[in-house]
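The sequence and the model come next, followed by the terms on which the description relies.

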Amino acid sequence: MQPFEVYIPTRIKFGPGRILEVGKIASDLGKKALIVIGGGSVKRIGALDKVQASLTSAGIESTVFEGIEPNPRHTTVNKAGKLAYAEGVDLIVALGGGSVMDASKFVAVLAKQPETDSWSLTSRQPNEGKVGDPLPIIAIPTTAATASEVTPFAVLSNEDIKGKAPMAHEKVKPMVAILDPELHTSLPEKTTVDGAADIMSHVFENYIAGGNDSILADRYTESVLKTVLEATPAAIDDPGDLNARGDLQWAATLALNGMQGVGRAPSGFPMHNMEHALSGQVPDLAHGRGLAVLYPSYFRWMIGHGRAVDRFARLGREMFDVGATDDRIAAAEFIDCFSRWLESVGLYESLVDAGVPEDAFEPAARYAAEAYGDGESISAAGPVTVDDMVEIFRGTRRQSPAAV
Ligand code: NZQ
Ligand code: ZN
């Protein structure tokens, strides 16, 4: 088992209806809050009203920034930061999906330094790491997907360069996360399954490329994956199923809270590198959708190149009771079984069907290599070059109904 260090400072409050506790929690953290929201879903479901009422009754003033896009744009986030500064808020309440929570992390920094461009805080940019002393954040996720409620990451899109990049700093981890599965009952089926794909990706990444030094790390990962396999169809069948919604939310949090990889060797995040590059090219591509589309093709490519075959074989045996004793056969059967599961929940399609034109493949691959790799390749238990990535993107064609 490999040495490790984990730091999980976020207080987590889980339970239906607990959104109403936000005022009491906020009163320990500040006096005036900026509530950051997306395109309006939280208004429609009454969540914004509840947060505002709870803050008011606890004596906390609040103002709202509305309009964070999915795959949030740096220009919008800059505006939110300026508002936070102008209003003199001392607390951020992030009410929404990963995009809103990520935007809020930048806003927490910009509230103290409004002239900073949010993009400059992302990786390999001039202000990387210069987060100062950000405002405290209360995160209230309304999707089960990113785990942004507990992570040090915040992912930003820059339309000028068609790129996407993360900021990563311990200081932007939320102080408190309110996990209220009632807020998820309004999620459309598409957003629910996109989120499920993202949850799985967070444990897949290190499981596949991080070796097998810890049985517990493997068991942890497999529990998250099996939970998503069962809870996703349950949430599709009955969007109001609070147990399924709760399991998905908690699986999401556990999948990227820092615990998911401990005991294994560190690894890159190759599927995320490729997906971020693709949604940088096509901002309408939801992060989880992009990952789901990459799975079968990327997995086939890895096995075809003899990489992590034992890990894919184990996934087949643990997730789908594959009986084959030969690792290559078990690994191939895993891809078949998993593809059928993806199909059953509406996640099996090609990149083109998901809205990414073929002429975006090469620029995306180049961006991934430059932004996340050494300029020539990214890492997935060995190098994956620009040409390899294009091959993986093209390999998704087999998932198109037209290819059958
Ligand atoms: O904008 P609104 O109106 O709120 O609608 C959103 C949006 O259209 C809607 N939605 C959210 N909650 C809802 C709801 N609709 C109905 N009922 C609800 N309860 O869902 C749509 C998608 O929301 P978004 O926040 O974009 O989705 P998600 O949570 O998947 O977040 C994706 C973003 O997170 C980043 C991704 O790159 C992407 O930018 N990630 C952040 C990570 C992190 N911070 O650690 C890690 C991840 O790997 C990921 O990269
Ligand atoms: Zn992700």
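## Basis of the description

Helices (H or I, at least four residues) and strands (E, at least two) are DSSP runs, numbered from the N terminus. The structure is a predicted model, in which local features need pLDDT of at least 70 and side-chain atom pairs count only at pLDDT 80 or more, while totals for chains, interfaces and linings use all residues. Residues are numbered from 1 along each chain as its sequence is written, chains are lettered from A and ligands numbered from 1 in the order in which they are written, and side-chain values use heavy atoms, with hydrogens and water left out.

## Loop residues with positive phi

D321 lies in the loop between α11 and α12 and, although it is not a glycine, has a positive phi of about 55°. D321 is exposed, with a relative accessible area of 68%, where exposed means over 50%, buried under 20% and partly exposed in between (1.4 Å probe, protein chains only).

A147, in the loop between β5 and β6 (153–158), also has a positive phi, near 65°, in a residue other than glycine. A147 is buried, at a relative accessible area of 1%.

## Helix α11

The helix that D321 follows is α11, residues 309–320, whose end C-alpha atoms are 16 Å apart; this agrees with the 16 Å that its twelve residues should span at 1.5 Å a residue, the expected span being 1.5 Å times one less than the number of residues. Its buried residues are V309, R311, F312, A313, L315, G316, M319 and F320. An α-helix has 3.6 residues a turn, so residues three or four places apart point the same way. The cover over the buried residues of α11 includes α6, α7, α10 (287–304) and α12 (327–344), judged by contact, that is, heavy atoms within 4.5 Å.

## Helix α8

Helix α8, residues 242–255, has 14 residues and reaches 19 Å from its first C-alpha to its last, close to the 20 Å expected at 1.5 Å a residue. At its start, a side-chain oxygen of D241 comes to within 3.0 Å of the backbone nitrogen of N243.

Within α8, the buried residues are A244, R245, G246, L248, Q249, A251, A252, T253 and A255. Among the elements that cover them are the strands β1 (11–14), β5 (137–141) and β8 (176–179), together with the helices α6 (189–209) and α7 (215–237).

H184 lies in the loop between β8 and α6 and is buried, with a relative accessible area of 1%. Leaving aside neighbours within four places in sequence, H184 is in contact with P141, T142, T143, A144, R245 and Q249.

On a 1 Å grid over the protein atoms alone, a cavity is a set of points where a 1.4 Å probe fits but cannot get out, a pocket is an open set with protein on both sides within 12 Å along at least five of seven lines, and lining residues have an atom within 4 Å of a point. Grid points are joined across faces, edges and corners, and a volume is the space filled by probe spheres set on the points. The count comes to one cavity of 30 Å³ or more; the largest cavity holds about 40 Å³ of space and is lined by A144, H184, L187, T192, R245 and L248.

## The second largest pocket

About 170 Å³ of space lies in the second largest pocket, which is lined by Y7, P9, P134, L135, P136, I137, E170, K171, K173, P174 and M175.

Conventions. Polar contact = N/O pair within 3.5 Å; in protein donor to acceptor, adjacent residues only side chain to side chain.
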